Structures are given as C-alpha cells and as structure tokens.
Amino acid sequence: MTDETALQRVKFYQTGTHTVGNRLMDKARRSVQASMDRSNAITSGHRACQGCGEALGARYALDAALRASDGQLVAVNATGCLEVFTTPYPETSWQIPWLHSLFGNAPAVATGVAAGMRRKGRADVRVVAQGGDGGTTDIGFGCLSGMFERNDDVLYICYDNEAYMNTGVQRSSATPPTARTATTPAVGDAPGNIFGTGKNLPLIAMAHNIPYVATANVADLHDLEDKVTTAMDIRGARYIHIMVPCPLGWGSAADATIHVARMAVESGLFPLFEAEHGRVTRSKKIRRRVPVEDYLRPQRRFAHLFKKGQEDTERIARLQRMADANIERFNLLGERETP
Amino acid sequence: MMPDKASNSASRSILFAIVGSGGAGALTAGAILLEAAGKAGWYGIMSRSVGPQIRGGEAAALVRLSTRPVDCMAETFDFLIAIDWRNADRFAAEMPLAANGLVIGDPANGDAPDAIVGTGVNQAHIAMKELAGSLPGGRENMIAAGLAVGLTGLPIENLTSVIASKLAGKGEEAIETGCKCVEIGSHHAGLLEKSFALETPAASQNGRWLITGNEAVGLGAVRGGIRFAAAYPITPATEVLEWLAPALTKVGGALVQAEDELASINMAIGASFGGRPSITATSGPGLALMVESLGLAAAAEVPIVVIDVMRGGPSTGIPTKSEQSDLNIAIYGCHGDAPHLVVAPLSVADCLFTAQWAVHLAEAMQTPAIVLSDQSLGQARVVIEQPADVAFIARRELFKDAGDEIYNRYAVTGSGVSPMALPGTTGGQYTADGLTHTVKGIPSSKNLDHREQLDKRYRKIADFDYGNHWAAIEHNGAAGTHEDFTILTWGSLTGAAREAMVTLADDGIGVRLVALRLIAPFLKDKFLAAVHGSQRILVVEQTHSGQFHQYLRANCDLPGEVRHFHRPGPQLIGPTEISTQIRNWRRS
C-alpha cells in the first residue's frame with residue numbers, strides 16, 4: 001500500500017474543513033456551523049461521552065436539515081445513545097420539535113408525522129427520523145423498509161457506531177467482522193464478531209429504489225452537510241448512513257474520533273457515496289490510501305488481531321479484501337470514469 | 001434453597017453511599033468494599049444509582065453492610081462520601097441521611113448542596129483529590145474507599161487483598177498505590193470524631209457468594225437445564241445475557257443475540273420445539289413485544305422461560321430504576337385464554353432458586369413461564385451464604401417410539417400434559433400449531449376441539465403440585481400465637497417486609513408474612529389457608545395502580561380489614577415505611 005518513505009507528511013490548511021478553511025471558501029459553500037447566526041438543533045451541555053462521533057454527526061446533520069427546511073423541521077428519534085444523552089433529566093438539548101418514539105418504530109412514527117403535516121396543509125414542515133445502528137438495522141428494520149417501500153416523505157438518518165453502545169456495547173447487525181463486543185468476546189478460534197454477518201443498509205436502501213441514499217462520515221463534515229442538503233431538496237424517502245466512531249465502545253482515544261473515522265474512509269472499509277433511484281451516482285475518492293491496519297490498530301476492539309508475536313494475519317487480510325472490494329465496487333480510487 | 005427467615009437487624013447494619021460523576025470510580029469503590037466486607041465475614045448489598053450505561057451523569061454506589069444477611073436497602077444513610085458534587089441534585093432524594101449522619105466532601109468542591117445536607121447533619125471536609133494527588137497514579141475513589149474502611153471498622157487487610165486481586169493485571173505499582181490510598185483514607189477517617197463501626201462478624205459456615213440478581217437468574221437457569229438462550233440487549237436485563245453467553249458455552253449450550261425481541265422469543269420457541277430447554281431475558285418493553293409469541297408457546301405447548309427484569313414503565317419509562325408494574329402484562333398480556341406461569345423471586349439470592357424452579361415448571365407443564373425479577377434485584381450485588389443445591393431440573397415428558405401406536409401430540413390426558421415428540425422421533429411427526437387444533441395438532445375450528453384443548457391446557461397448570469414453594473409464609477414470632485397483622489406482598493419487596501417484621505417483633509407486634517413466589521396460577525385454596533384468621537392485612541407493592549391488590553381481590557375475598565400501601569418506582573418502598581404503616585394502623 002503506502003510507502004511511508006515516499007510520502008512526505010505535508011501539513012496545510014485544508015480548504016474543506018470548518019476551521020480556518022471556511023474563510024477561504026465561497027460563502028455559499030461554508031458550513032452551517034461557520035455562520036454567526038446559525039441555528040442550533042442540539043445545544044451543548046448534553047451528556048455524550050468525550051469524543052462522541054454521534055453527537056458531532058447529529059449536530060451537523062440536524063443543523064443542515066434545519067437550514068434546508070428554513071427552520072420548519074420535526075425530528076423523530078429512536079431509543080439509543082442520541083436520545084439518552086440529549087435528554088438527561090431534567091434537561092433537553094433539542095431546540096426543535098422532537099419526538100422520542102420507541103426503539104423499533106421511528107420510521108413509522110415519522111411517516112405518521114409527515115402524513116399529519118401534509119393533511120393539515122403544512123407540507124413545508126419537513127420530517128427527519130434518526131436512530132443508531134441497532135435501532136435501524138435490527139429492531140427498526142421492518143418499519144424502515146416499509147417507509148422506503150411507500151416512499152414516505154421522510155429523511156432517515158442512521159448514526160452507525162457499530163454496536164449497542166447505550167446498553168453496554170453488545171453486537172448489532174452492523175458490527176464489523178472480528179470486532180470485540182460484550183456479546184462477541186475475543187476468545188476462541190474466531191475471536192470477536194464472526195465473518196459473513198452484517199447488513200449493508202445503504203445497499204438495502206438502494207434496493208428499494210428510493211430517490212436518494214448516501215453515506216457520510218464525521219471525518220468530512222462538509223460532505224456530510226452537502227448530502228443532508230441534497231437529501232432535503234428531494235421529496236420522498238431518503239436515507240443517509242453516517243459512520244460515527246464511539247470511543248467507549250471501540251476502545252479508541254477520545255481525541256482520535258476524527259482520525260479513526262478518516263482511516264475508515266481512506267482504507268476503503270467505509271465507502272462514501274451517493275445513489276439515486278438505486279444507482280450509485282457519485283463516490284468520494286480516497287485521498288491517500290492506507291492499509292486496513294491503520295484503521296484497526298487505534299481501536300481496542302480489534303486488539304486481539306495484533307497480539308504481539310501472533311498477529312492474526314489471516315483475518316486482517318480478509319478485512320483488507322473487504323476494503324479492496326469496496327474500492328473496486330465504488331471506484332474509490334477514481335480508476336474508472338463512471339462512478 | 002429457601003431464603004433465610006426474617007433475621008435482619010437494622011441496628012447491626014450500616015448504610016453509606018459513595019457518589020461522584022460518572023467515571024469518578026464511585027461504583028468501583030463500592031464494589032470492592034462490598035467484596036472486602038464479604039471476605040471479612042459480613043453480609044451486604046450494593047445497588048447503584050446511575051443514568052444509562054453511557055458515561056457522564058451521576059453515579060452512586062449505595063452500600064449496606066450488616067452482621068446478618070440483608071435482602072434490601074435501608075432508608076436512611078449513615079454517611080455519604082462525595083468524590084464530587086456534580087449532579088448531586090439528581091440523587092439527593094434517593095439518599096436521605098440519618099439525623100446524626102455524616103457527609104464527607106472535598107473542600108476543593110465546596111460545601112455539600114443544601115439538598116444533601118438538610119438539617120442537623122454533620123459535615124466533614126477531606127481533601128481527597130489532594131491526598132490522591134500526593135501519590136503518582138493515586139485515585140480519589142480509593143481514598144474514599146479508605147474513608148469507608150475507617151468509618152465502618154472493616155479490616156483494612158480484607159480491602160487490600162481485594163485490590164491486589166482486582167489490579168493484578170495492572171502491576172505491582174498500581175496495587176501499591178491503591179493500597180496506600182486506602183491507608184491514607186482510613187487514617188483520615190480515624191481523625192474524624194464519628195464512627196459507625198459494625199460488630200465483629202461471625203465466621204462463615206459454608207463460604208459466601210458475591211452475586212447479582214441477574215447473574216443468579218442466569219445460574220438458576222443453567223442449573224435448571226437451560227441450554228439455549230436468545231436475547232436482545234435491554235436495560236436492566238442485559239447482564240443476564242452477558243452472563244449466560246460464556247456460561248452456556250461452557251456447558252455445551254449457546255446464546256444467540258437476536259435482532260429484536262420478536263426474534264429472540266421465537267428463537268427460544270424454535271429451540272425448545274427442537275428439544276432444548278430455552279430461555280430469553282428482557283424488560284417491560286421487550287415483554288410487550290413478546291406477548292403474541294407467548295400465546296403461541298401456550299397454544300402450541302412449547303415450554304420456554306422468559307425473564308423480565310422490570311423497570312419503570314410504561315413505554316421507555318425509567319430504564320435504570322425499579323418498579324413492579326409489569327405484573328398485569330405478565331398475567332393478562334396474552335389475548336385469548338392462555339394459561340401460563342408467572343413466578344417472582346423474593347430476594348437476590350432467591351433469583352437462583354426461582355429461575356431454576358421456573359425452568360422445571362415450564363418443562364414439566366410444557367408452557368411458557370415468566371420470571372418477574374426487577375432492577376432492584378437484578379442489578380443489586382449481594383454477599384450471601386452459599387445457596388444449597390436444589391434438585392429441580394428440566395424434565396419434559398417425551399414421546400418414545402412405541403411401534404405402531406398412533407401419536408397424538410395433544411392427547412387429552414389426566415394431568416393435561418401430553419407427551420411431546422422431538423423432531424426425528426420415529427412415528428412422532430406432528431404439526432405444532434397456534435391455530436386451535438385437534439389432538440393430532442391439525443387445525444380445527446370445531447367447538448369440541450377448542451373446548452377440549454382449552455380445558456386441557458388450563459388443567460395441567462391448575463392441578464400441578466407446586467409444593468410449598470408457591471409462597472414464603474413466615475411469622476415474626478412476637479405476641480405468642482396471637483397474630484395482629486399480615487403483610488401480603490410479592491417479589492423484591494419481600495426483603496423490606498421481612499426487615500419490617502423484625503423491628504415490629506422487637507415491639508411485640510406479631511406479623512405474618514405471605515409473599516407470593518407463584519403469582520399465576522393463583523392457588524386460591526392454599527392462599528386462603530395461609531391468610532386464614534388474619535384480622536388486619538396490609539398489601540404492599542411497588543405499582544401506581546395497585547395491580548397486585550387488584551389481582552388478589554379478583555381471585556378471592558380477603559379476610560379481615562385490608563389496607564393497601566403502594567407506590568410506583570423509582571423510590572423503593574423500604575422496611576421502615578412498612579413498619580410505620582403497621583404501627584400507625586395499630587394506634588388508630
């Protein structure tokens with residue numbers, strides 16, 4: 001893969017970021033968060049853990065949706081970390097109408113909210129439903145598929161931290177192979193989560209032929225905002241799958257959240273793409289390809305793969321093959337002309 | 001194992017809390033103190049007051065140590081050690097201090113909030129942060145643990161040996177620092193003018209266990225013969241599946257983490273149909289989802305055990321706090337007439353017995369059994385006498401290949417239990433069905449078939465011999481044979497009721513206790529015999545609407561005068577409240 005000696009470490013202000021780069025950007029392209037009079041769907045003071053990817057992702061996603069809907073936004077939230085840490089007794093972080101449904105029914109409740117608003121002649125009020133990977137890929141999957149199939153006018157956002165973090169890190173069907181969780185301990189012949197499991201929900205969403213599906217990642221917040229804005233311009237069922245690292249569950253450092261998220265993209269394990277009506281229309285190219293080890297190593301949930309003297313080269317290679325397949329499938333290196 | 005007779009003495013116990021913001025280590029400090037107390041020969045119970053399991057928010061370890069076995073928390077705290085005061089308002093109401101109680105705070109964090117101190121409470125300042133900071137790697141929670149050692153008279157060597165085993169993986173230096181912190185804390189406690197020292201403990205006869213209710217339920221299930229579990233994470237039941245996953249592997253069983261509760265209960269039904277005693281564990285919201293399948297298991301006569309670790313409801317409710325309000329759904333949840341079993345453990349230790357018994361009952365009667373534990377049992381950690389082994393194991397009546405005999409899966413038998421053929425039994429093929437069916441299992445809408453099968457399923461449960469395990473019937477021995485009062489309760493409140501009885505006995509007030517372990521079916525004759533002659537009955541339960549009281553009233557006419565003491569969670573009904581109810585009634 002990368003030859004360390006061949007690549008010089010160059011530090012420069014990235015024009016796509018939200019720090020200094022915002023000032024270098026065209027005004028229309030600046031982040032919602034860069035504006036002095038930005039809205040703030042989720043205010044500070046919530047109880048997310050240090051370095052929580054979900055808190056970051058949700059704030060950027062919701063604020064972008066709030067801007068796109070001109071402040072006319074209702075959010076429905078499945079049970080999960082986001083719901084819990086934003087509403088600790090006796091406080092709430094939500095500055096918009098917000099409805100906590102149950103664990104498995106957020107898509108259906110959101111469908112109802114959208115239908116209710118339309119019936120009242122208030123179709124200008126837009127509806128976002130959101131949940132974690134457990135609430136989306138496991139218990140809420142049936143309702144979500146129904147929402148897609150009917151093409152209900154809801155944007156569903158899944159914040160994927162790849163396990164049930166709120167209840168103490170149990171595996172979900174979005175947990176990657178070999179990852180250690182409370183219910184997939186790193187013991188035995190095949191330590192951690194087994195291969196061959198896991199739902200690729202973006203692809204499943206695409207199979208419903210809904211108008212818009214996208215994946216995003218907190219390492220590129222501008223891309224995330226763009227995708228939310230694009231989704232809000234469309235009517236019908238839309239799905240955005242956002243990868244949000246969880247320092248607690250992944251065993252990564254709290255200050256490494258963005259790094260880990262970026263490594264997921266740069267290794268090819270988490271492809272960033274958009275799809276319309278079931279066809280991939282655009283994928284974000286890998287800027288500097290890295291081996292999967294660079295993504296796996298900073299996370300203790302994969303530590304058993306890197307035991308001193310007995311590296312699990314076989315399973316690491318399998319994960320690398322998954323990344324390679326993504327790179328090929330979504331043209332992440334830009335080797336083909338079409339996406 | 002039957003739980004001990006009422007033998008708690010409040011005067012020989014102390015209750016304290018260690019609080020801090022999440023991550024400060026309050027829970028760790030409480031846990032090692034409890035374990036050390038067990039090693040020293042004391043008994044104890046620890047519960048925790050926390051938000052959901054993500055970090056942040058408040059965390060408090062509530063620890064009660066006693067010279068006698070304890071099944072519940074006491075109501076007023078002797079002392080409280082605050083590593084910091086962040087979020088103190090959240091738990092203040094849960095930790096009322098005794099009038100001569102002591103609050104220890106770190107001067108760096110200012111005075112204790114008014115909500116904590118109230119009136120007449122002693123305050124002390126100990127610079128835990130600074131003391132911990134004097135040692136490289138020193139931690140405030142270990143200083144706090146040391147303070148508790150000094151105040152309770154817990155032999156320090158018991159605590160240091162626990163620290164040594166807990167920190168074994170972290171190296172000598174970490175152990176040494178931890179122990180040093182404890183010494184410093186203990187020394188500073190000695191400088192305070194207060195002490196809450198417990199009596200020297202009696203030596204343990206059979207060795208003691210340190211266990212939580214959720215672990216005990218899992219152990220009871222495995223001992224009863226459970227070899228397959230399917231479950232979905234839900235607070236406060238998740239520890240059951242986390243405990244069962246490795247335990248089942250060791251005994252040749254398996255656990256599957258399902259994609260939701262519908263899948264988990266139906267996997268259990270499938271595995272049981274295949275001949276494996278099976279279980280699932282959940283809490284109220286999950287039980288609500290499982291209800292349709294409970295009906296299927298009842299109709300198709302497939303034994304399963306469902307553990308419900310109750311939390312505040314309805315809906316998402318209060319996931320981390322206790323309530324007894326799933327009683328109605330457990331009894332009445334199914335549509336149609338679907339007789340099934342509902343049992344409830346009477347203490348943390350009894351979680352083992354009751355879960356094991358439930359497996360035995362479900363398998364013997366080929367029907368679903370719901371075990372109503374709750375958060376106050378499931379997530380409490382206790383030091384108990386090693387429980388005796390009990391003989392209840394899964395024994396399902398099976399159909400054996402009998403040559404030319406025609407097999408009727410749902411044959412109408414005297415007991416109501418029909419021999420079950422496992423898949424692969426020659427001549428034993430049948431259709432298991434949730435549709436009303438004939439004796440062969442073939443769907444039928446005939447009046448006779450419906451009646452016959454409903455009668456059979458009712459009979460097998462109503463006529464079963466439950467022995468003496470259906471309830472704990474106790475008397476506090478006061479006032480000779482003349483009984484003044486009877487307490488009727490169930491499940492986790494039994495501990496508080498037992499303790500109330502002890503203090504009432506000291507005042508010569510005779511109290512009988514009837515605590516139901518078997519909730520459904522309701523054994524009317526046995527129950528009426530148990531409460532026979534009661535003049536004043538106090539029904540005690542942790543629900544808002546009085547579900548247990550209504551259930552009793554619906555099933556029998558209670559003798560004498562009846563009063564009802566009930567309250568929803570999360571504040572647990574405590575022993576003093578129960579005894580006060582009875583004292584006031586006596587005076588009126």
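Over which residues of chain B does pLDDT stay under 50? In this predicted model, the stretch is residues 1-11 of chain B, which still has 30 contacts beyond four places in sequence. Here pLDDT is the predictor's confidence in each residue, from 0 to 100, and a contact means heavy atoms within 4.5 Å. Where pLDDT is low, the predicted coordinates should not be read in detail. Chain B as a whole averages a pLDDT of 91, with 94% of the residues at 70 or above. The model scores are ipTM 0.72 and pTM 0.86.

A word on bookkeeping: residues are numbered from 1 along each chain as its sequence is written, with chains lettered from A and ligands numbered from 1 in the order in which they are written. Local features need pLDDT of at least 70, side-chain atom pairs count only at pLDDT 80 or more, and totals for chains, interfaces and linings use all residues, while side-chain values use heavy atoms, leaving out hydrogens and water.

Turning to helix packing, helix 1 (residues 26-40) and helix 5 (residues 140-152) of chain B have axes that come within 9 Å and cross at roughly 35°. Helices (H or I, at least four residues) and strands (E, at least two) are DSSP runs, numbered from the N terminus; axes are lines fitted to C-alpha atoms, for helices over the stretch in contact, and angles run from 0 to 180 degrees between N-to-C directions. Helix 1 of chain B brings Ala26(B), Thr28(B), Ala29(B), Ile32(B) and Leu33(B) to the contact, and helix 5 of chain B brings Asn141(B), Met142(B), Ala145(B), Ala148(B) and Val149(B).

Most residues other than glycine have a negative phi, and most peptide bonds are trans. In chain B, the bond from Thr235(B) to Pro236(B) is cis, with omega near 0°, and Pro236(B) sits in the loop between strand 8 (228-231) and helix 9 (238-250) of chain B. The bond from Gly313(B) to Pro314(B) is also cis, with omega near 5°; Pro314(B) belongs to the loop between strand 11 (304-310) and helix 12 (327-332) of chain B. Over in chain A, Asn151(A) is not a glycine, yet has a positive phi of about 55°. Asn151(A) falls in the loop that links helix 6 (141-149) to strand 4 (155-160) of chain A.
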